[in-house]
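Reader: I'd like to walk through this fold with you, one question at a time. Can you show me the model before we start?

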Amino acid sequence: MAIEVINRKRKADDEGGVKKKKRSKKAREDEGDLDVEAGLNRAFERMDGQLLADHIAQKVTRFGTDLSSVELSDLYISANAIKDTTSFQKPRNKDNLPEFLEEFSENPAKLSEAPKSNGSPHTLVVAGAGLRAADLVRALRKFQTKNNSVAKLFAKHFKVEEQVSFLKKSRTGIAVGTPQRLIDLIENESLSLDSLKRIVVDASHIDQKKRGIVDMRETMMPLIKLLTREELQDRYTAEEKQVDLIFY
């Protein structure tokens, strides 16, 4: 029943304007995609918007067994909402993230600038764990300036109160965090989405057990709830104040 509801919603999206392209291959993960030494699931490198939408819908259905069909349908992300990044040819590791952001930004120079309002980043990077988020913060420091902080918004070693205080007094262009902590900071109105231009999901990274952010219920469900927040959903396909949804 849940899959039927999601399929109906997907069909409605397709009929609403963008024709569904024929594809000869399915979103498929095999052992060859899982490079444990590099910490990468390379399947994401070849997933366009439709393949990603299907992949995410499958994960939500798998982990959302306690949700009704209506609740599951509310967590659906259409292919039209996801930016195609299959043209990026380099491995999707932490070292290549700055170049990836530059390639898919209209004005790369603005990555080193922060919006005028405090606690209102233009870029959110979402990681599956605190340690990984800390690695990404270090990788993104090339964009940090005196007036543009790279914010650390994850639970490990940081209390919510400390992050609330930081966001209230700091201009930040890029914020890196874990799904639930980002939700908490949005809901207590410390983290503003007003200036947001892109959300980047650190999807390719896997741990030693070959698990990424979408492969575990404790990270996948908060992630999808973050991505499908009401204040974000319409902006993925909007002409004004558009937010790019990107899977790295």
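Author: Let's begin at a strand pair: threonine 123 stands opposite isoleucine 174 in S5. This is a predicted model, where local features need pLDDT of at least 70, side-chain atom pairs count only at pLDDT 80 or more, and totals for chains, interfaces and linings use all residues. Residues are numbered from 1 along each chain as its sequence is written, and side-chain values use heavy atoms, with hydrogens and water left out.

Reader: Over how many bridges do S3 and S5 pair?
Author: Strands here are DSSP runs of E with at least two residues, helices are runs of H or I with at least four, and both are numbered from the N terminus. Two strands count as paired if DSSP finds at least two bridges between them. S3 and S5 run in the parallel sense, and their bridges number 4.

Reader: How many residues of strand S5 are buried?
Author: Buried is under 20% relative accessible area, exposed is over 50%, and partly exposed is in between (1.4 Å probe, protein chains only). Strand S5 spans residues 172–177 and is mostly covered, with a buried count of 6 of 6.

Reader: What is the handedness of the crossover from S4 through H6 to S5?
Author: S4 and S5 pair in the parallel sense over 5 bridges, and alanine 151 stands opposite alanine 175 in S5. Look with the strands pointing away from you: a clockwise path from the first strand over the helix to the second is called right-handed. By that test, the β-α-β crossover from S4 through H6 to S5 is right-handed.

Reader: Which strands stand at the edges of the sheet, and why is one side of each left without a neighbour?
Author: The open sheet has 5 strands with parallel pairing, in the order S4-S5-S3-S6-S7. Each edge strand has a single partner strand, so one of its sides has no neighbour in the sheet; the two are S4 and S7.

Reader: Which residue in S7 does valine 201 stand opposite?
Author: S6 and S7 pair in the parallel sense over 4 bridges. In S7, the residue opposite valine 201 is phenylalanine 247.

Reader: Which residues have the most contacts inside the largest nonpolar core?
Author: A nonpolar core is a set of buried Ala, Val, Leu, Ile, Met, Phe, Trp, Tyr and Cys residues joined through side-chain atoms within 4.5 Å. The largest one has 45 residues, and those with the most contacts inside it are Ile199, Val201, Leu227, Leu245 and Phe247. Among the elements that supply at least two residues each are helix H2 (49–63), strand S6 (198–201) and strand S7 (244–247). Apart from this core lies another, of 21 residues, among them Phe88, Leu136, Phe154 and Ile174.

Reader: At what angle do the axes of H7 and H8 cross?
Author: Contact means heavy atoms within 4.5 Å, and Pro179, Gln180, Leu182, Ile183 and Ile186 in H7 meet Thr219, Pro222, Leu223, Lys225 and Leu226 in H8. Axes are lines fitted to C-alpha atoms, for helices over the stretch in contact, with angles from 0 to 180 degrees between N-to-C directions. The two axes come within 8 Å and cross at roughly 35°.

Reader: Is glutamate 189 buried or exposed?
Author: Glutamate 189 sits in the loop between H7 and S6, and its phi is near 65°, a positive value in a residue other than glycine. Most residues other than glycine have a negative phi. Because its relative accessibility is 73%, glutamate 189 counts as exposed.
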